[in-house]
Amino acid sequence: MITPFHLAIPVHDLRAARAFYGELLGCEEGRSDTDWVDFNLYGHQLVCHYAGADYRAWSHSNPVDGESVPVPHFGVVLDKPDWQALARKLEESNIQFVIPPTIRFPGKPGEQATLFLLDPSGNALEFKAFNNWQLQLFQR
């Protein structure tokens, strides 16, 4: 069994965070207050904290397999069918990807399906999938 993580991130608008995480990504909303809201991000606790209307995440990028990967970023490793369904849903919603759904490291031990996008506050997310994540997640 995997232990769930807890991650708190700053956002500029809780209504926009609810639309993105709740409606678009389908994360169930948990507890909330005036300045924060909890989401169930695939069994993990994501807390969006209001950081002011002017807040936007700062991002850097590093080259990975020919792509410019945003840093910092967070996300979830999904089973392949769940990743494919999410990728289709995001494509159908006309989301602007930082890195569109793609296969990284093809034919290598770390081969993975991946996609990157930004939430409305500029926080970068990655969703990825492996053919067998239990075997491949940390494989070199």
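Mentor: Let us begin with Glu126, which touches His73, Phe74, Gly75, Val76, Arg104, Gln112, Thr114, Leu115 and Phe116, leaving out residues up to four places away in sequence; contact here means heavy atoms within 4.5 Å. Please keep in mind that this is a predicted model, in which local features need pLDDT of at least 70 and side-chain atom pairs count only at pLDDT 80 or more, while totals for chains, interfaces and linings use all residues. Residues are numbered from 1 along each chain as its sequence is written, and side-chain values use heavy atoms, with hydrogens and water left out.

Trainee: Where is Glu126 found, in which strand?

Mentor: Glu126 is found in strand S10, residues 124-129; helices (H or I, at least four residues) and strands (E, at least two) are DSSP runs, numbered from the N terminus.

Trainee: And why does Glu126 count as buried?

Mentor: Glu126 counts as buried because its relative accessibility is 7%, and buried means under 20% relative accessible area, exposed over 50%, and partly exposed in between (1.4 Å probe, protein chains only).

Trainee: Which side chain does Glu126 join in a polar contact?

Mentor: The side chain of Thr114, at 2.7 Å; a polar contact is a pair of N or O atoms within 3.5 Å, where within protein one must be able to donate a hydrogen and the other to accept it, and residues adjacent in sequence count only if both atoms are side-chain atoms.

Trainee: Switching topic, which residues touch the most other members of the largest nonpolar core?

Mentor: Tyr21, Leu25, Cys48 and Phe127 do, in a core of 28 residues, a nonpolar core being a set of buried Ala, Val, Leu, Ile, Met, Phe, Trp, Tyr and Cys residues joined through side-chain atoms within 4.5 Å. Helix H1 provides the largest share of this core, five residues.

Trainee: What does Cys48 touch?

Mentor: Beyond residues up to four places away in sequence, Cys48 touches several residues, including Ile9, Val11, Tyr21 and Trp36.

Trainee: What about the open sheet, what is its strand order?

Mentor: The four strands run in the order S1-S4-S3-S2, with mixed pairing, where two strands pair if DSSP finds at least two bridges between them. The edge strands, S1 and S2 (28-33), each pair on one side only.

Trainee: Last one: how far apart are Lys80 and Ala129?

Mentor: In sequence they are 49 residues apart, yet C-alpha to C-alpha the separation of Lys80 and Ala129 is 5.2 Å, and Lys80 has its place in helix H2.
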